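Dear colleague,

Please find below the structure that I am handing over to you. My findings follow directly after it.

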Amino acid sequence: MRIVFAGTPDFAVPCLRAAARHGEVVAVYTQPDRPAGRGRGLAPSPVKRVAQELGIAVEQPENFRSAASKATLRALQPDLMVVVAYGLILPQSVLDIPAHGCWNVHASLLPRWRGAAPIQRAIQAGDRESGVCLMRMEKGLDTGPVLLSQSLSIAAEETGGQLHDRLSMLGAQVLADGLGLLRAGILPVPQPQPEEGVTYAHKLDKGEARLDWSRPAVALADTVRAFNPWPVAECQLAGERLRIHGAVALDQAHDAVPGTLLRAGREGLDVACGEGVLRIRTLQRDGGKAITAADFLNARQELLRA
């Protein structure tokens, strides 16, 4: 089975390895090398690095608008194209090239959280469940029928990074199951997505990172989890800008103005919210590294006496 794999970030790497185990990956498509690091030198994507490690040819078109880019793909004579967090929209003329079409591994239980940031949006919304869908691609944004899916529970204090890693591995498992069925001549039956329950996971923006203390503490705690490790929630507190890496919501009544530091102790900094209290456990000062609230208070002992 001749497979063309298209993906770019770390999330796609386990799926690439799964595809290489279950078929012949004749080429890997990934985003062009981008500037990275302090020197801003061009750096390959995680998928490109693994493709080179596996000895697979790499293609990096800026897009698929040209006839030449489509001709290159067509010449590979793919039976299937597997797409995982590639970062380019594929036109119908590309989706039609592989004999079995294009499959996409998507990190949500469709139709909930179509779009760019399904992992973080699920946590931010307080979802208790997530999962992976193997979808047959159509021209619309994550609208295609679902071939296979697996769900998992989101832990109470799980971060975006932790859920990312678990869903990445689950995605590889679901893809391997689908490829195994296809190799056996048993094409999974496509199930159209229901029209009800559609939500969109818009791309993350650093402008969203600032915590609004007028919101409920539960919502802010979910945002802190969702935005760890990027873009990382931030706030203005105790006279300085802090980035918040870990926090929990406390169901405590108060009559303080939202944003007021109610209490500072080794277990955390308790801040008044629109509803309840947010206890900040892990934070980062400007120019510093992530530290515990206890370590922060070693440098700001006046807060203990406030």
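Leaving aside its neighbours within four places in sequence, with which residues is Leu 110 in contact? The model is a predicted one, and in it Leu 110 touches Cys 133, Met 135, Asp 142, Val 146 and Gln 193, once those neighbours are set aside. Leu 110 sits in the loop between S7 and S8. Its relative accessible area is 11%, and since buried means under 20%, Leu 110 is therefore classed as buried.

Leu 110 also carries an annotation. An unreviewed UniProt entry gives a "binding site" that covers Ser 108, Leu 109, Leu 110 and Pro 111. Ser 108 belongs to the loop that runs between strand S7 (102-106) and strand S8 (114-115). With a relative accessible area of 1%, Ser 108 is buried. Not counting residues up to four places away in sequence, Ser 108 touches Trp 113, Pro 118, Ser 130, Gly 131, Val 132 and Cys 133.

I turn next to the strands. S7 pairs with S6 in the parallel sense, over 3 bridges. Within this pairing, Val 83 has Asn 104 in S7 as its bridge partner. Strand S1 (residues 2-7) likewise pairs with S6 in the parallel sense, here over 5 bridges, and Met 81 in S6 is the bridge partner of Val 4. How many residues of strand S6 (residues 80-84) are buried? The count is 5 of its 5 residues. Both faces of S6 are covered, with Leu 80, Val 82 and Val 84 buried on one side and Met 81 and Val 83 buried on the other.

In soluble globular proteins, nonpolar side chains tend to be buried together. In this model, the largest nonpolar core has 43 residues, and those with the most contacts inside it are Phe 5, Leu 16, Leu 167 and Leu 175. Helix H6 (residues 160-183) supplies the largest share of this core, namely 8 residues. A second, separate core has 24 residues, including Trp 213, Leu 220, Cys 235 and Ala 264. As for Phe 5, its contacts beyond four places in sequence include Leu 16, Ala 19, Val 28, Tyr 29 and Val 47. Val 82 and Val 84 are also in contact with Phe 5, and both of these valines are buried on one side of S6.

The unreviewed UniProt entry places the feature "domain: Formyl transferase C-terminal" at residues 203-300. This span is 17% helix and 39% strand, and its end C-alpha atoms lie 36 Å apart. Phe 296 is found in helix H8 (residues 293-299). Is Phe 296 buried or exposed? At 1% relative accessibility, Phe 296 counts as buried. Leaving aside neighbours within four places in sequence, Phe 296 is in contact with Glu 240, Leu 242, Leu 269, Leu 283, Arg 285, Ile 291 and Leu 303. The C-alpha atoms of Phe 296 and Arg 266 are separated by 9.0 Å, while the two residues are 30 residues apart along the chain.

With kind regards

Methods. Residues numbered from 1 in each chain as written. Predicted model: local features only at pLDDT ≥ 70, side-chain atom pairs only at ≥ 80, totals over all residues. Heavy atoms only, no water. Core = buried A, V, L, I, M, F, W, Y, C linked by side-chain atoms within 4.5 Å. Buried < 20%, exposed > 50% of the residue type's maximum accessible area, 1.4 Å probe, protein only. Helix = DSSP H or I, 4+ residues; strand = E, 2+ residues; numbered from the N terminus. Contact = heavy atoms within 4.5 Å. UniProt positions renumbered as here; feature names shortened; annotations may be inferred. Pairing = 2+ DSSP bridges.
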